Amino acid sequence: MLGPDATACEGGGPAMLVHVEGFKKRTGMLRVQSYGGNPTRYFEKGTWLRRVDVPVPASGAADICVPVPANGNYAVSVRHDIDGSGKTGMNDGGGMSGNPKLSLMDVIFRRKPNPDKVQVTVHGVTRVPVVLNYVQGGSFGPLAMAAR
């Protein structure tokens, strides 16, 4: 388990255990952000509750513990900063709780998915699977050959 808050998941929460898979490369950093409160504000800049940055593991999936204030409804975003620059680039990957399908146009115009598709109900420690998506030609999606 990765991140500075691993004890929150070991202790029974409330927390989200974000299980990230589908890496394009084993370089750079992962940024996991949790969102709560008004679902229409999920993923708005500066509205995250907790941000966790961890190095990409050398192999396998990444399990990152993200504590939340109380049991309830939340959402998660994940960004794979491939070069570790701290800036979003076209080679970087991303994903969200619920794994909504996003088009390249959604990404370019920063359209948010429907809150019902990304909302997670946390009770204790809740596992949240996230498959990373990358720009591939004219589309945005999971890698066809991603190791699961």
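**Close-up 1. Surroundings of Thr-47 in the predicted model.** Beyond its neighbours within four places in sequence, Thr-47 is in contact (heavy atoms within 4.5 Å) with Tyr-35 and Arg-41. The model is predicted: local features need pLDDT of at least 70, side-chain atom pairs count only at pLDDT 80 or more, and totals for chains, interfaces and linings use all residues. Residues are numbered from 1 along each chain as its sequence is written, and side-chain values use heavy atoms, with hydrogens and water left out. Thr-47 is located in the loop between strand S2 (29–35) and strand S3 (50–55); helices (H or I, at least four residues) and strands (E, at least two) are DSSP runs numbered from the N terminus. With a relative accessible area of 18%, Thr-47 is buried; buried means under 20%, exposed over 50% and partly exposed in between (1.4 Å probe, protein chains only). A polar atom of the Thr-47 side chain lies 2.7 Å from the backbone oxygen of Glu-44, and a polar atom of that side chain lies 3.2 Å from the backbone oxygen of Arg-41.

Close-up 2. Gly-13 and Pro-14 are joined by a cis peptide bond, with omega of about 10 degrees. Pro-14 belongs to the loop between helix H1 (6–10) and strand S1 (15–21).

**Close-up 3. Positive phi at Asn-99.** Although Asn-99 is not a glycine, its phi is positive, at about 45 degrees. The residue Asn-99 sits in the loop between strand S6 (93–96) and H2. Asn-99 is partly exposed, its relative accessible area being 33%.

Close-up 4. Met-105, Ile-108 and Phe-109 make a nonpolar surface patch of about 310 Å². Patches are made of residues with over 30% relative accessible area and no salt bridge, with like charges joined within 9 Å and nonpolar side chains (Val, Leu, Ile, Met, Phe, Trp, Tyr) within 5 Å. A salt bridge is a side-chain nitrogen of Lys or Arg within 4 Å of a carboxyl oxygen of Asp or Glu. Accessible areas come from the Shrake-Rupley method with a 1.4 Å probe, and for residues only the protein chains shown count as cover. Phe-109 occurs in the loop between helix H2 (104–108) and helix H3 (115–118), and is exposed at a relative accessible area of 54%. Arg-110 also has its place in the loop between H2 and H3. Phi of Arg-110, a residue other than glycine, is positive and near 55 degrees. Arg-110 is exposed, with 74% relative accessible area.

Conventions. Polar contact = N/O pair within 3.5 Å; in protein donor to acceptor, adjacent residues only side chain to side chain.
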